[in-house]
Amino acid sequence: MVEFKHKDEFKKWLDGKPRELAVILAVRAALRVSPLLQRPVEFKTKRAEENFLLTLFRSSALALAYGFSLDQEIAHAARTAATSIARAVTNDASRAVAHAAYATYVMHESDATNDAARTLAYAADACARATILYYSVSDETAEMASRDEISMDATRLERSEKSQELIESYLWNEGQEPGWSYDFWDDLKAFLASKNNEHWHVWTDWWEDRRDGKPYNIEMEREIVLIPEEHWKQGPAHVNAMIAEIRARYAMQSLPHENRHGLPFGARNGKVGLRGTVI
């Protein structure tokens with residue numbers, strides 16, 4: 001079993017491993033600190049805040065899709081997202097996501113190991129601080145707990161080296177999400193749900209699917225993360241509605257053929273509903 005006793009050991013273990021596995025390990029570490037993305041972040045405008053959170057979620061999705069598929073087009077899209085995040089990172093959670101995205105796009109240019117190791121370090125620091133804040137435990141105890149989940153992922157990779165198995169496993173060991181993650185995620189989810197007509201449920205559902213180890217549909221994920229840049233630039237109300245329609249279409253395809261005539265969805269002016277009723 002892999003057991004990281006210090007953050008400096010991350011890079012040593014990653015050296016020589018398939019680079020796509022390094023990205024998946026990194027993005028899973030970043031996903032664990034996603035509930036902390038809004039803390040403590042202050043923005044000058046509502047639009048800046050919305051675009052920042054949208055880019056963070058997209059970056060995580062890009063990195064995971066690349067680790068699964070090694071798709072060069074996804075790597076190029078990750079470069080744009082990572083550059084955008086770099087201008088606005090404010091805490092270790094967002095730095096972890098940024099480095100996961102960086103690790104994705106440098107795959108075709110150099111070695112992703114350094115950025116993957118930085119992702120693991122930033123994510124471990126963010127987890128440790130949240131653990132100390134929530135449970136009032138010692139620094140040593142919190143740091144050990146923050147490394148345990150990364151150690152478990154590394155152990156799974158050493159045993160099988162199959163990316164899909166890791167992607168479709170619980171984000172937290174045996175599905176035991178810590179209290180700080182549960183509470184902070186509820187806060188972030190409620191905050192996003194308060195944004196009327198912005199359809200943030202597409203991302204909160206996505207994160208919860210990853211947390212719970214739900215099946216991963218690379219065709220759907222690829223279609224979402226490669227939505228053209230001009231749509232992402234229009235903000236969450238616009239692009240999240242497009243994502244909701246894509247997810248609804250794939251959900252319909254998973255139904256038995258005789259049940260597919262029922263509820264096709266549509267989107268117009270940033271609103272999602274039954275096709276023909278959206279105004």
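User: How many residues has helix 13, and what distance does it reach from its first C-alpha to its last?

Analyst: This is a predicted model, in which local features need pLDDT of at least 70 and side-chain atom pairs count only at pLDDT 80 or more, while totals for chains, interfaces and linings use all residues. Residues are numbered from 1 along each chain as its sequence is written, and side-chain values use heavy atoms, with hydrogens and water left out. Helices are DSSP runs of H or I with at least four residues, numbered from the N terminus. The expected span is 1.5 Å times one less than the number of residues. Helix 13 (residues 236-253) has 18 residues and reaches 25 Å, close to the expected 26 Å.

User: Which residues of helix 13 are buried?

Analyst: Buried means under 20% relative accessible area, exposed over 50%, and partly exposed in between (1.4 Å probe, protein chains only). In helix 13 the buried residues include N240, R247 and Y250.

User: Why does L70 count as partly exposed?

Analyst: L70 is partly exposed because its relative accessible area is 42%.

User: Where does D148 lie, and is D148 buried or partly exposed?

Analyst: D148 lies in helix 7 (residues 139-160). D148 counts as partly exposed because its relative accessibility is 41%.

Terms used: Helix = DSSP H or I, 4+ residues; strand = E, 2+ residues; numbered from the N terminus.
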